[in-house]
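Work through the exercises below with the sequence and the structure at hand, and try each task before you read its solution.

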Amino acid sequence: MIRKAALLTLLTALLAVPAGMAGTAVAAPPPGRVAAAAPADPLFVSEITPEVVRVATAPVTVAGTVTGTAGSFVRVAVRYSRDRPFTSRAEMAAYLSEQGYATTNWSTRVQATLLDQSGKLPFRFTVTPAELGMPRPGVYPFEIEVTDAATGQRLGIERTFLTYAPKGEQIPKVKLAVALPIVDRPHRADDATFMDDDLSASLTSGRLASLLQTAQDTGDGVTWFVDPALLDDVRVLSSGPRSVRGTRKNADPAAGQWLNGLRSALTDKTVVATPYADPDMAALVHHGLDKQAAASIQRGAALATELLGREIHGTTAWPAGGKIDRDAVDELAMSGVTSVLLSGDALPPRAANQDATQNGQVVPPPAQTTPDAAARLDTIADNPLTALLADPTLSAVLGGNVSGPGAAMLARQRFLAETAMIAFEQPAQQNGQSGQTGQNGQTGQTGQDTTAKTASRTVIAVPPSHLWTPDPAFVSGLLQAAAGAPWLRMTSLDSVKPGRAGVPRADLTYSVRDRQSELSRSYLATVRKLERKADAVATVTEEHTDVFHTAILRLASASWRGDGKRALSFAGQVQKAIDERIDDVSVLDTPRAVAGSNGQVPVSVANNLDKDIQIKVRVTSASKSRLAIARPGGVYLTPTTTILSGRSQLVNVPVIVRNEGGDASISVQLLTDGDEKYGSAVRVVVRATGYTGIALVIVGAAVVIMLAAVVMRILRRRSRKAFPFGPDDEEGPPGDRQGAVPAERTQSP
């Protein structure tokens, strides 16, 4: 026997969603995740036609199948209310969840029979609005129930709605804006390395393939939010060989086909660029990364324009989870954003002088009618932002799981009924006050002027998650049904503006839970450290390349929420790539020698990059007791120096040796032109020999000896000039020493 807990399995996933302004909520499975297995539902409703009843005499057909034990006797009943239509969306939510809604005037059509040998029983009912007793236009409860004929125990039930909008009746118009995201988590770490190969599979048969099909199947009434980082990843995937964690892979032609298909599908449609990589904007602002937040907005619009081939603006932001606080709003406004798409409960309506207190906090009461989707949001910038507020119930239905039997049909029925109820509850503007529309479509009284003028409103529907996996057939069918509803008019998101008489609203709600869901402080500290390194790499080259800035922005993606392990893996790869590039500019740490009490130590800086660099060199002593830098303050700093690609630069650092002999060291730190550190400091060993004093003594002694020899030589020469003959030369020349006669003595007599 099937338990009662099983009979609302399908409704829990599709219909029992947050009830808009009523405040009633039944959680639905998170988008993109598979719900836990549940017992098979014995009731499958496959058809309710027409979806909107327009003619009182036209038949309404309800068909489906009951499954169970072969040969068992069951009773299938269609039940509907003759009492009245719903008066509010709160009543609709209570009806779906069996939480307080009741009516005593039910009518029933019954079919009872045995299940066949396969355990199945097809059923079909046909009734007309006149037979149903629908007294006036509105949204009516409608349910199909299957019970055990023997015991009367309920085996299954489907609760849904019939919307009665007869032709000729004046029904207020409601504008419907639908926004859909084309967003994915990053797949590249640095610009040259993919961390996985998941993107290819998603483009061909996964989530991104479904998004492309949805874009191709939907009309012009949808506003598309496109993440330029995704388009950039797809372009790189399609343009040439790539590295996937060290493995070389060829270009993927399917990626190019997907990108071309998306360009074609979005032609002439409203497209908004998300900030690059769809960042966690609130987390960036809260942890001092305002510069990255602004850069992601500017980069996003420029890249989307380049890749889609037409001008794309990024002036509308859609923060993660549809929630944001005042600090982040101010940053968006200062970065050029003019509107922000939020969940409707992020800026709840507030009735004047009717605030309640709960746990010491003021809690605004739920609005009796659905307010307009646009509101003014003041900021510290010169101009306020427009807050675009998505209806939680419509958004949950649009982005819900419709994989079960009949789920898409029931979700579509719910969506139409909710929007019809918004039209039927259309408020009236009188002297600044709102009136309630009666069930006959007439405006209720406010106690003053009986002449009321209805105000046109807009509602917005978006998927609950940016990483939403659509069912293309369901989305296109839902939007086609909405476009054909007599009370709806499709409009683009950029046309939604605040009305003159807006509903009073409380301040932005940003809970502790919202704050805890942000990217963590420790992770963003890692991102900040890498950002400083990336800045150094960018500014050291003459043309200031931003080779790692987009990689840093990808690390700030909101898709890393709840996926810290993968995020740190990406950050590790980015750090490795940055460090490798920094290491291409290096200081040679070969030991140097200096003799004497002062001298110069040569320091060599090598540039192995493919670009010229501009850099400074700062040298300090790491052994001040032995070695000092011969500059004021003990710091030697070069002016900005250009080092050509593939070249080295020699810098001579003046030093003073304080204690002769031994080893000392100097610390060499490279700096950017803006005095930011480039890499880590390098220690260079300096060997102070102390040989200069000894060398002077030796040289001095040699000079003295040489001078003495020179003096003696000079003296000898002088002495020879003063005394031309020695002591033995007194009698004459040596030739005469053997008795030779002098010449004057040899004259004749």
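A patch is made of residues with over 30% relative accessible area and no salt bridge, and like charges are joined within 9 Å. The model in these exercises is predicted.

**Exercise 1.** Find which residues form a negative surface patch, and decide whether Asp-610 is buried or exposed.

*Solution.* Begin with the members of the patch, which are Glu-580, Asp-583, Asp-584 and Asp-610. Finally, compare its accessibility with the cut-off: a residue is exposed when its relative accessible area is over 50%, and because Asp-610 has 61% relative accessibility, it counts as exposed.

**Exercise 2.** Describe helix 9, giving its span, its buried residues and what follows just after it.

*Solution.* Start with the span: helix 9 covers residues 290-308, which makes 19 residues, and from its first C-alpha to its last it reaches 27 Å, close to the 27 Å expected at 1.5 Å a residue. Then list the buried residues of helix 9, among them Ala-293, Ile-297, Gly-300, Ala-304 and Leu-307. Lastly, look just after helix 9, where Gly-309 takes a positive phi of about 75 degrees.

**Exercise 3.** Locate Asp-268 and Asp-278, and decide for each whether it is buried or exposed.

*Solution.* As background, most residues other than glycine have a negative phi, and most peptide bonds are trans. Asp-268 is not a glycine, yet it has a positive phi of about 65 degrees, and phi of Asp-278 is also positive, near 50 degrees. Asp-268 lies in the loop between helix 7 (253-265) and strand 14 (270-273), whereas Asp-278 is in the loop between strand 14 and helix 8 (281-286). Now apply the cut-offs, under 20% for buried and over 50% for exposed: Asp-268 counts as exposed because its relative accessibility is 68%, while Asp-278 counts as buried because its relative accessibility is 8%.

**Exercise 4.** Which bond joins Thr-49 and Pro-50, and where is Pro-50 found?

*Solution.* First consider omega, which is about -5 degrees for the cis peptide bond that joins Thr-49 and Pro-50. Then follow the chain to find Pro-50 in the loop between strand 1 (43-49) and strand 2 (52-53).

Note on methods:
Residues are numbered from 1 along each chain as its sequence is written. This is a predicted model: local features need pLDDT of at least 70, side-chain atom pairs count only at pLDDT 80 or more; totals for chains, interfaces and linings use all residues. Side-chain values use heavy atoms; hydrogens and water are left out. Patches are made of residues with over 30% relative accessible area and no salt bridge: like charges are joined within 9 Å, nonpolar side chains (Val, Leu, Ile, Met, Phe, Trp, Tyr) within 5 Å. Accessible areas come from the Shrake-Rupley method with a 1.4 Å probe; for residues, only the protein chains shown count as cover. A salt bridge is a side-chain nitrogen of Lys or Arg within 4 Å of a carboxyl oxygen of Asp or Glu. Lys and Arg count as positive and Asp and Glu as negative; His and the chain ends are not counted. The place of a charge is taken as NZ of Lys, CZ of Arg, CG of Asp or CD of Glu. Buried means under 20% relative accessible area, exposed over 50%, partly exposed in between (1.4 Å probe, protein chains only). Helices (H or I, at least four residues) and strands (E, at least two) are DSSP runs, numbered from the N terminus. The expected span of a helix is 1.5 Å times one less than its number of residues.
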